Amino acid sequence: MAAGAVTASMLYDLTSCAHRVHLDLFGDRSRREKASAFVEMLWREGALHEARQLASPPPGTADLREAPAHLRQELTAAAMAAGAPLILGAEIATDGLLARPDLLRREGRDYVPGDIKAGVAVDAKGRPKHAYANQVALAADILIRSGALSGRRGFVVDRSGAEVAYDLDTPLGVRSGSAWSAYEAALGLASAIVSGQAATRPAACAACKLCVWRGHCREALVAGDDVTLVPHLGPRMRAAFEPHARTVAELASLPIGGDSEVVVKGIGRERLARFRDRARLLSSPGASAYARSVLPLARAERELFLDIEVDPFGDRTYLHGILERTRSGPGRETERFHAHLMTDDGEGEERRAFSDAFKQLTADPDARIYYWSPYERTLYRALQARYPDVCSADEVEALFGRPETIDLLNDIVNPMTDWPLHDHSIKTIAKHLGFRWRDAEPSGAASIEWYRRWLASGDEAIRRRIVEYNEDDCIATRVVLDGLLALPVRAPGERA
Ligand code: SF4
């Protein structure tokens, strides 16, 4: 690779964390952690998908995938000069930029770059996915600078095998620029990081969970008492807080109300008070969680705790776990776990598992149903659209719209409670309340990897691990409900 070149993987990482790019270039590599089994599965799935898409290249294709790395650029240039209709495994570089588009396709006098991706090519609004667009734009930029492409365009072959054209000049939204302008901004930042001119720092964010630098960054964040350790205060918001509070302790002391009231740009007073209160909890040793008002929760005779596992690669919802707690009298409670698990990867099994779970969830109209985050509702809508014979769209809306069906995270925990914790994931809150998962490395991402291995091997021990993990997630939801019911109520702003 050219020394100090900006690469496509840097631009991809930049969309989630600039510090990752810095650490990959200049960090102490002995501090990197091993990639998780889930990340390794992502790599494997990506490589498999690419191999499947490129299994039968048309005659005349210049296939450089097996060519020695140090000859790739030279061979790519030769194939382009010879007018190859399609080049696989190309490497192109110029002006400190380097890209390896999966495909280079000749269209008239142009070579158009394309990438093969195991994800969907567009975002929820149908626009080119930011991270993919950055990568395609880098290859297009190199080709334009080299005189091999006349327009800012490329394409992505997505997980379904469909080709999606990327017109990089199309505006992405009313107020946002084009994919090309986003690429130029990313390129500017990447170039500054590569040349050592841009200072980056860690920030607690969603990307940390799967990042190989997570332990290293965690230490730095805790040592610096960084404000992103406050739940939901991400790196962008940190910039707004910078003039007023750089640490959790400083945020905890921000004056709100009175003559010296602080105004943080873009953050309303109520939200600011919420962050301040959470910072106070974090910086008060021994502080405990509280509700900001009386919670709209009550015990019921029958309670169902729902948790769903999904394999995004196979596009299957493979497990609906339901923990049922029944109260038949004072002090008389029973619990039973039901695992509606697919036993093969076919549509018939997905439909059967969905149908069984839906029947159980709707059998008792008085049962209270608890789940964690809007994911379950979104998935049930998607499953209903796929299997309309199981239930109607109205029935799904009725199930999730009834007051007895509660999203504990978004209806209760986030808006109505504060915890002395750095995040509000179910793992963090349930562990804080004393619950321990049986699995040493519990995560939904890992469960997908187990599920795939179980399908391939039929190994009963793996099946048990999948079901136990899901059962523990359901029990954790019950533990959190009980914890919420026991929380004291404290008025906002009141000191612990
Ligand atoms: S752990 Fe988080 S902050 Fe650190 S490099 Fe990774 S994503 Fe960035």
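A polar contact here is a pair of N or O atoms within 3.5 Å; within protein, one atom must be able to donate a hydrogen and the other to accept it, and residues adjacent in sequence count only if both atoms are side-chain atoms. By that rule, the side chain of His 424 makes a polar contact with the side chain of Asn 414, at 2.9 Å.

Before going further, some ground rules. What you're looking at is a predicted model, where local features need pLDDT of at least 70 and side-chain atom pairs count only at pLDDT 80 or more, while totals for chains, interfaces and linings use all residues. Residues are numbered from 1 along each chain as its sequence is written, and side-chain values use heavy atoms, with hydrogens and water left out.

**Around His 424**

Helices (H or I, at least four residues) and strands (E, at least two) are DSSP runs, numbered from the N terminus. In those terms, His 424 sits in the loop between strand E16 (417–418) and helix H15 (426–432). Buried means under 20% relative accessible area, exposed means over 50%, and partly exposed is what falls in between (1.4 Å probe, protein chains only). His 424 has a relative accessible area of 6%, so it is buried. Which residues does His 424 touch, not counting those up to four places away in sequence? With contact meaning heavy atoms within 4.5 Å, the list runs Pro 231, His 232, Arg 278, Trp 372, Leu 409, Val 413, Asn 414, Trp 419 and Ile 429.

At 54% relative accessibility, Arg 436 counts as exposed. A polar atom of the Arg 436 side chain lies 3.1 Å from the backbone oxygen of Lys 431. Arg 436 and Ile 475 are 9.9 Å apart in space, C-alpha to C-alpha, and 39 residues apart in sequence.

**Aromatic rings**

Rings of Phe, Tyr and Trp (its six-membered ring) pair if their centres lie within 6.5 Å; planes under 30 degrees apart count as stacked, over 60 as edge-to-face and the rest as tilted. By this rule the count comes to 12 aromatic pairs. One of them joins Phe 305 and Tyr 370, and it is stacked because the planes are at 20°, with the centres 5.4 Å apart. Phe 305 belongs to strand E11 (residues 302–311) and Tyr 370 to strand E14 (residues 368–371), so this pair ties together parts that are 65 residues apart in sequence. Phe 305 is buried at 0% relative accessibility, and Tyr 370 is buried at 0% too.

Phe 354 and Tyr 380 make an edge-to-face pair, 5.2 Å centre to centre with 85° between the planes.

Arg 105 lies over the face of Phe 155, at 4.2 Å from the ring centre.

**Strands and turns**

Two strands pair if DSSP finds at least two bridges between them. Strand E8 (residues 153–157) and strand E9 (residues 163–167) run antiparallel over 5 bridges, with Arg 153 partnered by Asp 167 in E9. The two strands form a hairpin with 5 residues between them, and Gly 161 in the turn has a positive phi of about 90°.

Elsewhere, 3 strands form an open sheet of mixed pairing in the order E1-E5-E4. Its edge strands are strand E1 (6–7) and strand E4 (92–94), each pairing on one side only. E4 runs antiparallel to strand E5 (residues 97–99) through 3 bridges, and Ala 93 has Leu 98 in E5 as its bridge partner.

Asp 95, in the loop between E4 and E5, has a positive phi near 50° without being a glycine. Ser 373 is not a glycine either, yet its phi is positive at about 80°; this residue lies in the loop between E14 and H12.

**Accessibility of some other residues**

| Residue | Relative accessibility | Class |
|---|---|---|
| Asp 95 | 55% | exposed |
| Cys 211 | 13% | buried |
| Cys 217 | 10% | buried |
| Phe 354 | 0% | buried |
| Ser 373 | 17% | buried |
| Tyr 380 | 0% | buried |

How many disulfides does the structure hold? With a disulfide being a pair of cysteine sulfur atoms within 2.5 Å, the structure holds 0.

Key
Lys NZ or Arg CZ within 6 Å of the ring centre and 35° of its normal.
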